[in-house]
Amino acid sequence: MLRYEPEEKCPPTLALASALQIFVPNTISVILLTTIVVLASGQGNDYLAWAVFSGLVITGLSTILHSFRFWQIGSGRLVVTNFNVPFLAVTTLALATGGPGLLASLVIVSTVLQFLITVRLASFRRLFTPTVSGTVIMLVAISAVPFIVSRTIIAPQGVSLEHFLIPGIAALAVGALVTLKGSPGLRLWTLPLTLVSGVAVAAPMGLYDIGLVIEAQWVSLPDLTWRGFDFTFGVEFWSLLPGFVFVSLTAYLKSLGDLSAIYQASYREQRALDHRIVQSGLNLYGGTTFLTGVLGTIPISAPWAVTVVYVSFTGVASKVVGIYLGLATLAIAPFSKLIAFLVVVPSPVLSAIYVIIFGALFVEGAKIAFAGQMDHKRGTVIGVSLVVGISAGSLAGQLEGSLGNIAGSVVASGSAVALAMTAVTGLTGVRRRKLEVDLALSSLTPLAEFLDGFAANRGWSEEARNRLHHVGEEVTLSLLEQDEENGLSEGEDRRLTATAQAEGDSVEVEFVVFSHDTTGQNIEDRLAYMESDSGLEDGQQFSMRLLSHYASSVHHRKYYGIDIVTVRVDR
């Protein structure tokens, strides 16, 4: 049960407690994944210290900045950031091939792609669908835990693997039991209880090395020497660049889906996704990723859909939690002893925590992918993409070099298939008919003629054609009402593009109009809140009721500079 939405005032003690619950597993994850990549690439301890320090600093800053909105930057929501999972393999390869300088140049060049896509996000609306986004989130959940487990669960010398796994099994049992049987209040503490129970079992078994914590310095800073860029554009750069560009696109798609999921989970009642919030979050994501390139460190500032899981555990989506979480992450960056305290938690215990987190994340991805009307096309995209992603490891062994690294990535392979199948479905669909007119009352007649002719050519009855005509009229009037609410007139020279496409016994009509980013309430939300005390005037209530009666579905997507309303009318 969600107790506090992003803008609601949350008691400081509750916000701090919620932040600390997120802080422990999230900080461990930053340190753990960074360490895995650096050590696997063959870099030394100096770079490891720098990567962990800078990773914590950038993670803390990006989490704080996501809690605000400055112009078109920031989400204004609680957005937990962490390692950019799709970059795991290619980052390791770049560091091993050319060191931090080569990694920096590849990150900077590939990040330009993110900014270009974000600016034109509305143009990719038929490609970056909820089906694709939800599938990518599921792929991330599938790939993350096996990657971590395979590289961390290594029994110490003289300890059997069965003995080493006992704390993890105990922690997972406690976490699962609390989740399944605990009261709503107790479930808020699922992750801390999982961690504590695992450590409590590990300590008497001699598997929690407190000596490393005692020996660690209290405060230490890494070598702050700037490592520069490698813009020699040699063979290594060009051989790795295609992989980085593709992985950057995959990571971008993941972040888009993550931010969309976080937005939806931040409210008690379902509401239409405001794509302007997502665009602002993507702008911040691109900026902080660019910063990691400038600093010559690992891409580590990506939004995590795991935020949804944390919110479900704590019941708090207040953006104040993000500020506290970011400050705590910044504070721990130079405190070596506290970092050591987290690092020595036995890997089986950490794996138990990740199983719970990413298991819940998979469910959230499935909710997004399977939401709404399910047909054979969506089912095929989801099923094939997941199977290809899960099977990626077997394919990687047949290929060499960067191509093998990309093909072996669960996220990259599955995402590529999802995008390709979605693109093919769109390109081979029924031809669309288009009409472009002024957004004005005078355009109602040509719009009605356009829709009536489209339906008549498909043998629709006069009653069905009238329903389609009324839907087009009510959408246009609603868009004009929003202009009027914001002091805009018909003389503002705004163009409305209507596109119609037949799908079986239905017609989907898309209305696109360039907006001034000050338009009022989302039409989709007006329909949802129509029965409540929403403050709509009688005329608006009547218009929304007509639209709800005649259309089988209405979706309103608001981007910076553009409004898109998609309606479906059955025959």
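This is a predicted model: local features need pLDDT of at least 70, side-chain atom pairs count only at pLDDT 80 or more; totals for chains, interfaces and linings use all residues.
R557 belongs to strand 6, which covers residues 553-559. The relative accessibility of R557 is 19%; because buried means under 20%, R557 still counts as buried. The C-alpha atom of R557 lies 9.7 Å from that of V512, although 45 residues separate the two along the chain.

## Other salt bridges

The count of salt bridges comes to 12. One of them pairs E7 with K319, where the closest N and O atoms are 3.4 Å apart. E7 sits in the segment before helix 1 (12-41) and K319 sits in helix 12, so this contact ties together parts of the chain that are 312 residues apart in sequence. E7 is exposed, at a relative accessible area of 59%, whereas K319 is partly exposed, at 23%.

A salt bridge also links the side chains of K367 and E364, at 3.6 Å from N to O. Both residues are in helix 14 (residues 347-369), and because they are 3 residues apart, about one helical turn separates them. In an α-helix there are 3.6 residues a turn, so residues three or four places apart point the same way. K367 is exposed, with 51% relative accessibility. Elsewhere, E5, E8 and R268 are connected in a network of salt bridges.

## Nonpolar surface patch

Which residues form a nonpolar patch on the surface? The patch consists of L61, L65, F68, F70, W71 and I73, and together these residues have about 620 Å² of accessible area.

W71 is located in the loop between helix 2 (45-66) and strand 1 (81-82). With a relative accessibility of 72%, W71 is exposed. I73 is placed in the loop between helix 2 and strand 1, and I73 is partly exposed, at a relative accessible area of 37%. The C-alpha atoms of I73 and L282 are 7.9 Å apart, while the two residues are separated by 209 residues along the chain.

## Kink in helix 3

Helix 3 comprises residues 88-119, and its end C-alpha atoms are only 26 Å apart. A straight helix of 32 residues would span 46 Å at 1.5 Å a residue. Where in helix 3 does a kink lie? The kink is at G98, shortly before the proline P100, and has an angle of about 125°.

## Model confidence

The mean pLDDT of the protein is 83, and 89% of the residues score at least 70. Confidence is highest in helix 12 (residues 319-332), with a mean of 95. K319, the partner of E7 in the salt bridge described above, lies in helix 12. At the other end of the range, helix 22 (residues 538-550) has the lowest confidence, with a mean of 61.

Key. Residues are numbered from 1 along each chain as its sequence is written. Side-chain values use heavy atoms; hydrogens and water are left out. Patches are made of residues with over 30% relative accessible area and no salt bridge: like charges are joined within 9 Å, nonpolar side chains (Val, Leu, Ile, Met, Phe, Trp, Tyr) within 5 Å. Accessible areas come from the Shrake-Rupley method with a 1.4 Å probe; for residues, only the protein chains shown count as cover. A salt bridge is a side-chain nitrogen of Lys or Arg within 4 Å of a carboxyl oxygen of Asp or Glu. Helices (H or I, at least four residues) and strands (E, at least two) are DSSP runs, numbered from the N terminus. Buried means under 20% relative accessible area, exposed over 50%, partly exposed in between (1.4 Å probe, protein chains only). The expected span of a helix is 1.5 Å times one less than its number of residues. The bend at a residue is the angle between axes fitted to the seven residues ending there and the seven starting there. pLDDT is the predictor's confidence in each residue, from 0 to 100.
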